Amino acid sequence: MIQPLEDRIVVRPNDAEAVTADVLATAYDSDGSADDLRVTDVFVPVGVPPADVVDGRVTVARGAEPMVVPFRVEDADGGAATASLYVPAAGDNLPFVRD
């Protein structure tokens, strides 16, 4: 049985209107080069502006409520995986997970 891989990238909340995470920073391709990986889709909830993706860095607008935003990564051979990015709510002094 293949065990799930837990690989966290922590983005510190602040007063910014959006969060940016390098979701490919710890990604790997078991049968190719990690340099060939690319983010192909980011599935933001309805009512949230589309995410911006530049060089594997995903930027998502923050809202009044926290959200989990799935994203899809593909390799050069068409293999794909989906993971999720936790986006904290906008505002100051809100609780958040520490690494």
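Strands are DSSP runs of E with at least two residues and helices are DSSP runs of H or I with at least four residues, both numbered from the N terminus. The structure described here is a predicted model, in which local features require pLDDT of at least 70, side-chain atom pairs count only at pLDDT 80 or more, and totals for chains, interfaces and linings use all residues. Residues are numbered from 1 along each chain as its sequence is written, and side-chain values use heavy atoms, with hydrogens and water left out.

The protein chain contains 0 helices and 6 strands, giving the pattern β-β-β-β-β-β along the sequence. Of its 99 residues, 21% are buried, where buried denotes under 20% relative accessible area, exposed over 50%, and partly exposed the range in between (1.4 Å probe, protein chains only). The chain exposes about 7,000 Å², of which carbon and sulfur atoms supply 50%; accessible areas come from the Shrake-Rupley method with a 1.4 Å probe, and for residues only the protein chains shown count as cover. Contact is defined as heavy atoms within 4.5 Å. Among contacts between residues at least 6 apart in sequence, 53% join residues at least 24 apart.

Several aspartates lie in loops. Asp55 is located in the loop between strand 3 (52-54) and strand 4 (57-61). The phi angle of Asp55 is near 50°, a positive value in a residue other than glycine. With a relative accessible area of 73%, Asp55 is exposed.

Asp77 occupies the loop between strand 5 (67-74) and strand 6 (80-87), and is likewise classed as exposed, because its relative accessible area is 62%. Together with Asp31, Asp35 and Asp36, Asp77 forms a patch of negative charge on the surface. Such patches are made of residues with over 30% relative accessible area and no salt bridge, like charges being joined within 9 Å and nonpolar side chains (Val, Leu, Ile, Met, Phe, Trp, Tyr) within 5 Å. The place of a charge is taken as NZ of Lys, CZ of Arg, CG of Asp or CD of Glu.

Asp29 lies in the loop between strand 1 (18-22) and strand 2 (38-42). Asp29 is buried but has no salt bridge, that is, a side-chain nitrogen of Lys or Arg within 4 Å of a carboxyl oxygen of Asp or Glu. The nearest side chain of opposite charge, Arg38, is 9.2 Å away; Lys and Arg count as positive and Asp and Glu as negative, while His and the chain ends are not counted. Beyond neighbours within four places in sequence, Asp29 contacts Ala34, Leu37 and Asp75.
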